[in-house]
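Welcome! Take a moment to look over the sequence and the 3D view before reading on.

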Amino acid sequence: MTTIRQRRVGKGTEAAEDQPSEETNVKPDGKIPLDPPGGKLWNILSVTVGGIVGISLGLLTSVYVATLHENDLWFSNIKEVEREISFRTECGLYYSYYKQMIQAASIQQGLHGLVYDNKTESVRTINILERMNVYQEVFLSILYRILPIQQYLEPVYFYIYTLFGLQAVYVIALYITSWLLSGTWLSGLLAACWYITNRVDTTRVEFTIPLRENWALPFFAVQIAAITYLLRTHLQPAQQRLTLMAVFIATFLFSLTWQFNQFMMLIQALALFILDCLDMLPTAKVTWLYIIQISGLLLVCVLQFFNSMILGSLLISFNVSVLIARTIQKNLKKGGLLNRLGKLILHVLLVLCLTILINKFIKKILNLESDEHIFKFLKAKFGFGATRDFDANLYLCEEAFGLLPLNTFSRLSSTLLFYIYGFVLFLLTVAAVIVAFQNLSGSNQAQLKGKMEEYTVTLRPDAAYSLVHTVLFGCLALSTMRMKYLWTSHMCVFASFGLCSAEVWKLLLKCLHLYTPQRTQVIKYSIPIITLLYISFKFWPGIMDELSELREFYDPDTVELMNWIKSNTPSTAVFAGSMQLLAGVKLCTGRTLTNHPHYEDKNLRERTKQIYQIYAKRSPGDVHGILRSFGTDYVILEDSICYERRHSRGCRLRDLLDVANGHIMDGLGENEPDLKPSVYPRFCEEIKKNLPSYTTHFTRVFQNKTFHVYKLAKHK
C-alpha cells in the first residue's frame with residue numbers, strides 16, 4: 001500500500017470596460033463631462049498593475065503546488081518505478097500512453113499503437129483515442145519529441161510541469177472573472193488568495209497530476225471568464241466575435257480533455273436556459289452559447305472517431321430541443337404575468353419531452369449503452385429504488401461519489417470564504433427573484449426607474465449567470481463530493497466579486513437606508529483589504545510550515561512487485577487483478593491487462609465484474625475458466641481487498657460481489673431474505689491454503705506482505 005513517510009535526513013478604483021457606473025455622471029444640461037486630466041493614464045496604470053498581479057499570482061500558485069508535490073514525494077530523488085507508482089489508479093493509465101508515445105520509434109508508430117491497441121484489454125483491439133480522452137498526452141509527447149529539450153528535461157518533468165503550469169492558467173482565469181464581475185482587480189486578488197488558502201477543497205493536482213479534471217478545469221475557468229465578458233452590454237461587433245471565438249476554443253479544449261465534459265456543460269446549459277426563460281440574459285447570446293456547446297462537442301466527437309457516447313449525450317439532445325422549442329414558441333416573452341407563466345410551463349414541458357425523445361431516438365439508432373451505469377447510479381443515489389447492480393453499487397460505496405462531508409464547510413469557513421459566500425448568495429438571490437418577477441410581469445423598467453429609482457433592483461446578465469452557475473454547481477457538489485472542485489473554485493470568484501462589488505453594497509445599504517456613494521466606495525475597498533490582511537496573518541505561517549515539511553515516497557511492496565514482473569515474466573504476459581493496480585502494471589511494466597480503471601464502456605464493466613470473481617465465493621475451476629477466457633497468464637491478489645476494512649459491511653468489494661452473485665455477505669449483520677449461502681469458500685482466502693483443487697489450476701510464483709501472484713495452468 002502506498003504511503004508517505006517523513007523524509008530521512010541524509011538520503012484601486014479601476015472600472016472595467018462597459019461596466020455600468022454606480023451613479024449617472026451627467027450634468028443638469030444633459031452633457032456628459034469629459035474624463036479629468038490623467039484619468040485615462042490612471043486606468044492604464046491600474047490595468048497594468050492588475051495584470052501583473054494576476055500573472056504573478058498564477059505563477060506563484062504553480063510554483064506552490066509543484067513544491068508541495070516535490071516535498072511530499074521527494075520526486076527528484078526517487079527511482080523511475082517509484083515515480084510511476086506515485087501516479088495512482090487511472091492517473092497511471094493515462095500517463096502510460098504519454099510514455100508509450102515517447103518510447104515509440106516514431107510519432108506515426110506511436111499513433112498507430114494507440115489506434116490499434118491490444119495491450120490495454122487482452123484479446124481485444126481497441127482505439128484508445130476513441131475510448132479515452134488522451135489527446136493531451138499525444139500532443140505533449142509530440143511536443144517533447146520535436147523540442148530540443150531532451151537533454152535538459154526528463155519526459156516525466158515535462159509532463160508534470162505542464163500540469164502545474166495549467167494551474168497558473170486556472171488561477172489567472174479565476175482572477176479575471178472576478179475582476180470582470182466586480183470592476184476591480186482587488187476582487188481577483190482576493191479570489192486567488194482564497195483559492196490558495198482553501199487548496200484542500202479547491203484542487204488536488206499535487207497528488208493526482210494526470211487526472212482528467214486537472215487538464216480540463218483550467219479551460220473551463222477560461223470559458224467562464226470569456227462568457228462573463230460576452231454577457232456584458234454594449235460590446236462592439238469585433239469584441240463579440242473575438243469573445244465567441246475564445247468561448248469556443250475553451251469549450252472545445254475542455255470537452256477534449258475530460259470524459260465528463262458533457263455532464264458539466266449540461267448543467268451550464270441548464271443555467272443558460274433558466275436565465276433565458278426569465279429574460280435575464282440576451283437571447284441572441286444564449287443561442288450562440290448553445291451552438292458553441294454543440295459544435296465543440298461534435299468536433300471532439302469527430303476527433304474521437306465518432307465516439308457514440310458523445311452523440312448520445314443529454315447535452316446535445318437538450319440544446320437541440322431548446323432551439324427547436326424556441327422556434328415553435330416565438331412569442332414566449334410577450335404578455336402579462338399569468339400569460340407568460342403559462343407559456344413558460346409549456347416551454348419547459350416541451351423542451352423536456354423533446355430532450356427525452358431525441359435522446360432515446362439517438363441511443364436506439366446507435367444501440368448505445370455506455371452510460372447506463374451512470375443513470376443506474378443516479379437512480380439509486382437519489383432513492384428511486386435499491387439496486388443490486390454491481391457497477392452502480394461500486395460508485396455508491398465510494399466516498400468520492402457520496403455527499404459532501406460537513407467538515408468541508410468548517411474548513412471553508414476558517415478562511416471566511418463560506419460566510420461571505422453565503423452573504424453574497426443571499427443578497428443576489430433576493431435581487432434575482434425580484435428582477436425575474438419584474439421581467440415576467442412585463443414591468444416598464446424605464447418608467448420604474450424614472451419614478452422610483454431609489455427602490456429599483458437590477459441585476460447585470462454576467463452577475464445573474466454567475467449566480468445561477470454557482471447554485472447549480474453547488475447542488476452538484478453537495479450531492480457528489482468528487483465534483484466539489486467545480487464549485488469551490490467558483491465560490492472564491494463569487495464571494496470576492498460580492499465583497500468588492502459596489503452594486504452589492506449599494507443594494508444592502510439602500511435596504512438599510514444608509515446609502516451614499518462615498519460610503520459605498522469606502523466599504524467596497526476597506527472590507528476586502530481587511531479580509532486579505534486577516535487571511536495573510538492567519539494562514540501565511542501555516543503555508544510556510546507546509547512548504548518546509550519534507551517527506552518521501554515509500555511503497556516497497558509495490559516496487560518489489562513491479563520489479564519482479566519486469567524481470568520474471570514475458571513481455572507478452574497478460575495480468576488480471578484490480579483495476580487500480582493494473583493501471584500501475586501497464587505503466588511500470590508494459591504488460592497486457594485484462595481490465596483497467598477507465599469505466600465508460602459496457603463490455604469493460606462486464607469484464608471487470610467477471611475478473612473480480614477472484615474476490616467472490618466461487619470454485620477454483622470457475623475462476624480459472626473466467627480468467628483464461630480473457631487470456632490471463634497471471635493473477636494478482638491483494639490482501640487489502642480480500643480482507644478489506646476500509647469500507648463498512650455492505651460496501652466492501654467482496655460484499656458487492658456476494659450480493660450480485662446472490663450470496664449472503666460475511667460477518668454479523670442483516671442479509672436480504674432471498675440471498676443464499678455459497679457452496680464454495682471465498683477464492684482469495686482459500687487459494688492461499690494450497691489445496692489440490694487450487695494448485696491444479698494456479699501456482700504461486702510471487703508473494704510479499706501485500707501481493708500474491710499466481711500463474712495460471714494452460715489446460716487443453
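This briefing looks at some charged pairs and at one pair of packed helices.

Keep in mind that the model is predicted. Side chains of opposite charge can pair when their charged atoms come close. In this model, the count of such salt bridges comes to 31.

- D276 and R326 form a salt bridge, and their closest N and O atoms are 2.6 Å apart.

**A pair between two loops**

- Another salt bridge brings together the side chains of D666 and K617, at 2.9 Å from N to O.
- Here, too, distant parts of the chain are linked: D666 belongs to the loop between helix 31 (653-660) and helix 32 (683-686), while K617 belongs to the loop between helix 28 (602-611) and helix 29 (620-629), and the two residues are 49 apart.
- The relative accessible area of D666 is 23%, so D666 is partly exposed.
- K617 has 10% relative accessibility and therefore counts as buried, because buried means under 20%.

- D622 counts as partly exposed, at 36% relative accessibility.
- R618 counts as partly exposed as well, at 21% relative accessibility.

**Two packed helices**

- Two packed helices are described by the angle between their axes and the distance between the axes.
- For helix 3 (residues 90-103) and helix 7 (residues 155-182), the packing angle is about 135° and the axes are 11 Å apart.
- Angles over 145 degrees would count as roughly antiparallel and 65 to 115 as roughly perpendicular, so helix 3 and helix 7 are oblique to each other.
- Helix 3 and helix 7 make a right-handed crossing.
- Helix 3 brings Y95, Y98 and I102 to the contact, and helix 7 brings P155, V156, F158 and Y159.
- What classes of residue make up the contact of helix 3 with helix 7? The contact has 7 nonpolar residues, with no polar and no charged ones.

Methods. Residues numbered from 1 in each chain as written. Predicted model: local features only at pLDDT ≥ 70, side-chain atom pairs only at ≥ 80, totals over all residues. Heavy atoms only, no water. Salt bridge = Lys/Arg side-chain N within 4 Å of Asp/Glu carboxyl O. Helix = DSSP H or I, 4+ residues; strand = E, 2+ residues; numbered from the N terminus. Buried < 20%, exposed > 50% of the residue type's maximum accessible area, 1.4 Å probe, protein only. Axes fitted to C-alpha atoms, helices over the stretch in contact; angles between N-to-C directions. Parallel < 35°, antiparallel > 145°, perpendicular 65-115°, else oblique. Left-handed = near helix turned anticlockwise from the far one by under 90°. Contact = heavy atoms within 4.5 Å. Nonpolar A, V, L, I, M, F, W, Y, C, P; charged D, E, K, R; others polar.
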